[in-house]
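Trainee: I would like a close look at how the strands pair here. Then please go on to the charged side chains.

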Amino acid sequence: MAAENPVERLQEEATCPICLEYFTEPVTLECGHNFCRACISQCWEGSDTAASCPQCRETVQQGNLRPNRQLANILELFKQLSLQAAKGAGRDGVCERHQEALKLFCEEDQPPICVICRESQAHRAHTVVPIQEAAQEYKERIQAHLKTLREEREKLLGLKATGEGNSQKYLKQTQTERQKIVSEFQQLQQFLEEQERLLLAQLEKLDEEIVRIQNENVSKLSEQISHLSELISELEGRCQKPASEFLQDVRTTLSRCEKGKFQQPEEIAPELEERVSGFSQKTIVLMEVLGKFKDTLPSELERKRGEFFGAHRQVNVTLDPDTAHHDLVLSEDQKSVRWEDTRQQLPNNPKRFDAAPCVLGCEGFTSGRHCWEVEVGDGPYWAVGVARESVGRKGGISLSPEGGIWAVERWGDQFQALTSPETPLPLSQAPSRIRVCLDCDRGQVTFIDAGDEAPIFTFPSGSIPRGRIRPWFWVGTWGSQLRLCP
């Protein structure tokens with residue numbers, strides 16, 4: 001039955017009788033009927049030069065196909081007018097080709113279609129459902145995904161909150177320990193200063209007493225020396241006199257000689273010597289105590305540090321040549337890597353980094369606590385850390401936790417933690433040897449200066465997700481070299 005609505009009639013006139021869609025490159029046969037060029041060619045495929053019109057069955061010549069440019073122009077204008085009318089009426093759900101409401105959904109091609117599209121060759125063999133039914137079905141599926149994603153987000157937020165809470169707890173612990181250490185050392189310093197003042201004051205009194213005794217002895221000895229010198233002069237003079245004069249009052253002279261014998265000066269009192277010896281013993285004991293204190297303090301601090309950071313198992317890490325960038329050269333024992341200008345001819349397997357000069361360790365960890373040390377030397381561009389097994393290998397990669405990498409980096413004169421690609425966290429001066437401590441169970445990694453055991457930076461608990469984690473190395477330019485310590 002012919003459509004009574006002029007718009008519907010015009011749509012019928014603009015539709016190819018074969019494909020039931022708007023004409024594409026319309027051509028006119030000798031009988032006056034119009035078809036798409038592709039549709040009539042396909043319909044006549046395998047026929048002789050003479051064929052029949054699919055609509056009126058009149059015999060026509062295949063070579064007499066005339067392009068109907070007027071119909072093509074009118075059809076294009078009709079499409080534009082129909083589209084503008086639909087937009088003006090607020091009909092967003094309208095098929096652009098047929099100007100029909102989009103009431104169906106094609107399961108295979110996934111677009112909303114109209115009833116005319118449903119009968120076309122493009123969708124005739126496909127499974128279609130009402131658009132509202134399809135929307136409801138996909139909405140339910142998306143809602144299920146949304147529930148899972150929200151649960152994952154809540155889990156990650158919980159891990160983040162737990163990590164931040166643990167960090168704050170550890171920071172409070174370190175602050176408490178810091179205050180204890182400062183207080184203990186202040187008391188120790190005060191005690192040592194008091195002992196120093198007391199011992200020095202006692203030594204000063206002992207010095208004064210020793211000097212007093214010495215001065216008294218010197219004075220007495222000087223008097224005796226002067227008296228003996230006078231007596232010696234007198235006796236020498238008497239010996240020079242004649243015998244008669246020499247013997248006069250000789251007994252008195254002998255008596256004076258006997259009285260003028262040398263008297264031993266007073267010695268330092270034994271108790272004073274004991275006091276000096278006592279000070280020597282005190283000094284020896286004090287030195288022993290301080291020596292034991294200095295010997296014990298580092299080990300105690302090491303024990304405290306071990307309790308704080310946890311015990312990590314030292315592992316033997318080697319470099320994986322299948323992951324090394326073409327510009328990186330590995331040593332024969334796979335313990336060191338350097339950057340070379342000459343590009344090596346290596347197979348571009350899926351594991352290999354093809355843009356970033358990176359290499360992974362052969363070992364992978366999913367649980368437990370592990371550590372290894374890396375000599376970084378004085379090269380200007382390098383980075384060490386850990387990466388997920390699934391870290392990107394092809395093209396540009398993000399050197400950050402978002403890219404699956406947790407590391408510290410030296411970039412020229414800057415030493416920084418790769419917390420984000422835009423704003424890395426500046427650190428102190430780069431050490432020459434770094435210890436990487438990975439805690440898979442807590443999801444954190446700590447970097448320590450292997451020279452003085454000072455912590456450098458820690459990605460807190462929950463930073464690293466579950467899964468296989470591997471050592472990661474980046475060598476940025478010629479002259480930089482990394483070596484794994486045995």
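**Strands and charged pairs**

Mentor: Start with the sheet. Six strands make an open sheet, in the order β12-β21-β14-β15-β16-β17, with antiparallel pairing. Its edge strands are β12 (358-360) and β17 (425-426), and each of these pairs on one side only. This is a predicted model, so local features need pLDDT of at least 70 and side-chain atom pairs count only at pLDDT 80 or more, while totals for chains, interfaces and linings use all residues. Residues are numbered from 1 along each chain as its sequence is written, and side-chain values use heavy atoms, with hydrogens and water left out.

Two terms come first. Strands (E, at least two residues) and helices (H or I, at least four) are DSSP runs, numbered from the N terminus. Two strands pair if DSSP finds at least two bridges between them.

Strand β15 covers residues 405-411, and β16 covers residues 414-417. Four bridges join β15 and β16 in the antiparallel sense. Look for Trp-411: it stands opposite Gln-414 in β16. In general, strands of a sheet pair through backbone hydrogen bonds, either parallel or antiparallel.

Next, turn to β19 and β20. These strands also run antiparallel, and five bridges join them. Val-445 stands opposite Phe-459 in β20. Together β19 and β20 form a hairpin, with four residues between them. Find Glu-453 in that turn: its phi is positive, about 65 degrees.

Then come the charged pairs. A salt bridge here is a side-chain nitrogen of Lys or Arg within 4 Å of a carboxyl oxygen of Asp or Glu. By this rule the model has 13 salt bridges. Three of them show how such pairs can sit.

Asp-439 forms a salt bridge with Arg-369, with the closest N and O atoms 3.1 Å apart. This pair links distant parts of the chain: Asp-439 belongs to strand β18 (residues 433-439), Arg-369 to strand β13 (residues 369-375), and 70 residues separate them. How open are these two ends? Buried means under 20% relative accessible area, exposed over 50%, and partly exposed in between (1.4 Å probe, protein chains only). Asp-439 counts as buried because its relative accessibility is 1%. Arg-369 is partly exposed, at 32%.

Another lies within a helix. Glu-216 and Arg-212 form a salt bridge, and their closest N and O atoms are 3.0 Å apart. Both lie in helix α5 (residues 131-239); they are four residues apart, so about one helical turn separates them. Glu-216 is partly exposed, at 32% relative accessibility. Arg-212 is partly exposed too, at 40%.

Glu-389 forms a salt bridge with Arg-393, the closest N and O atoms being 3.8 Å apart. Glu-389 is partly exposed, with a relative accessible area of 28%. Arg-393 counts as buried, since its relative accessibility is 10%. Now widen the view. Asp-320, Glu-389, Arg-393, Arg-468 and Arg-470 are linked in a network of salt bridges.

Keep these places in mind as you turn the model. Check the hairpin of β19 and β20. Finish at the network that includes Glu-389 and Arg-393.
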